[in-house]
Amino acid sequence: ALDDEFAKDVSEFDTLDELKADIKTKAQARKDNQSESELENKVVDVIVEGMEVDVPPAMIEDRTQGLIRDFDMQLRQQGMSLELYNQYTGMTMENVQEHFKGQAETSVKGTLALEAIAKAEKIEVTDEYVEEELKKMAAEYNMEVEKIKEIMAPQMDAFREECKTRM
């Protein structure tokens with residue numbers, strides 16, 4: 001039964017109304033973040049279309065491998081692996097790499113464009129902004145902020161630089 005006891009059993013909330021409110025708040029936040037991301041992606045796509053830049057192949061290869069790792073991680077969270085996915089779909093690793101290569105090139109160009117804009121506009125990242133980004137990450141992965149900080153500590157300088165392209 002969906003009642004206060006259920007809410008206590010499956011969450012940190014004491015009442016079903018609190019649980020429902022939390023679910024609604026989180027769903028709205030995800031929807032807002034998705035809309036914001038879609039808009040940002042469209043803006044970056046327009047910028048990338050007008051770019052004339054030679055991207056070093058090593059950057060594209062690194063990003064391609066990163067996308068493949070992310071995809072593999074998503075599959076593993078669903079109880080599958082990249083190898084099993086390839087068996088089911090008839091894909092080879094070469095097909096997978098080719099699939100992600102175009103996406104990787106666009107991603108690298110977008111990052112280069114945003115870095116150039118951040119530099120030209122002299123954008124600086126505040127500690128407060130970094131903290132907010134870490135909180136968002138913690139919420140996304142359902143982890144404590146302190147645990148995210150611990151994980152990110154070795155790459156915090158790079159994360160801070162990446163934040164410049166998110167502002």
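Biologist: Where do I start? How many helices and strands are there in the protein?

Modeller: Start with the elements. The model is predicted. It contains 8 helices and 0 strands. Along the sequence, the pattern reads α-α-α-α-α-α-α-α.

Biologist: What does the radius of gyration say about how spread out the protein is?

Modeller: Compare the value with the globule rule. For 167 residues the rule gives 15 Å, and the radius of gyration here is 20 Å, well over that, so the protein is more spread out than a compact globule. The C-alpha atoms fill a box of roughly 60 × 50 × 30 Å along the principal axes.

Biologist: What share of the residues counts as buried?

Modeller: Buried means under 20% relative accessible area. By that cut-off, 24% of the 167 residues are buried. The protein exposes about 12,400 Å². Carbon and sulfur atoms supply 51% of that area.

Biologist: How do I read a nonpolar core? Which residues make up the largest one?

Modeller: General idea first. In soluble globular proteins, nonpolar side chains tend to be buried together. In this model, the largest nonpolar core has 11 residues. They are V55, I60, L67, I68, F71, L75, L82, V96, F100, A104 and V108. Helices α3 (57–77) and α5 (93–120) each supply at least two residues of this core. The largest share, 5 residues, comes from α3.

Biologist: Pick one member. What does V55 touch?

Modeller: Leave out residues up to four places away in sequence. V55 then touches I60, V108, K109 and L112. I60 and V108 are also members of the core. There is a second, separate core of 10 residues as well. Among them are A138, I148, M152 and F159.

Biologist: Now backbone angles. What is phi for K122?

Modeller: Most residues other than glycine have a negative phi, and most peptide bonds are trans. K122 has a positive phi, near 55 degrees. It sits in the loop between α5 and α6 (127–140). K122 counts as exposed, at 67% relative accessibility.

Biologist: Where does N142 lie, and is it buried or exposed?

Modeller: N142 lies in the loop between α6 and α7 (145–152). Its relative accessible area is 70%, so it is exposed. N142 also has a positive phi, about 55 degrees, and is not a glycine.

Biologist: What about a lysine in a helix? Is K164 buried or exposed?

Modeller: Check the cut-off: buried means under 20%. K164 has 19% relative accessibility, so it counts as buried. This lysine is in helix α8 (residues 156–164). Leaving out residues up to four places away in sequence, K164 touches A118, I123, E124 and V125.

Biologist: What lies between buried and exposed? Where does E132 fall?

Modeller: E132 is partly exposed, with a relative accessible area of 41%. It lies in helix α6. E132 and A27 are 105 residues apart in sequence. In space, their C-alpha atoms are 18 Å apart.

Biologist: Last one: charges. How many are positive and how many negative?

Modeller: Count each kind, then compare mean positions. The protein has 21 positive and 40 negative charges. The two mean positions are 2 Å apart.

Conventions: Residues are numbered from 1 along each chain as its sequence is written. This is a predicted model: local features need pLDDT of at least 70, side-chain atom pairs count only at pLDDT 80 or more; totals for chains, interfaces and linings use all residues. Side-chain values use heavy atoms; hydrogens and water are left out. Helices (H or I, at least four residues) and strands (E, at least two) are DSSP runs, numbered from the N terminus. The radius of gyration is taken over C-alpha atoms; the globule rule is 2.2 Å times the number of residues to the power 0.38. Buried means under 20% relative accessible area, exposed over 50%, partly exposed in between (1.4 Å probe, protein chains only). Accessible areas come from the Shrake-Rupley method with a 1.4 Å probe; for residues, only the protein chains shown count as cover. Lys and Arg count as positive and Asp and Glu as negative; His and the chain ends are not counted. The place of a charge is taken as NZ of Lys, CZ of Arg, CG of Asp or CD of Glu. A nonpolar core is a set of buried Ala, Val, Leu, Ile, Met, Phe, Trp, Tyr and Cys residues joined through side-chain atoms within 4.5 Å. Contact means heavy atoms within 4.5 Å.
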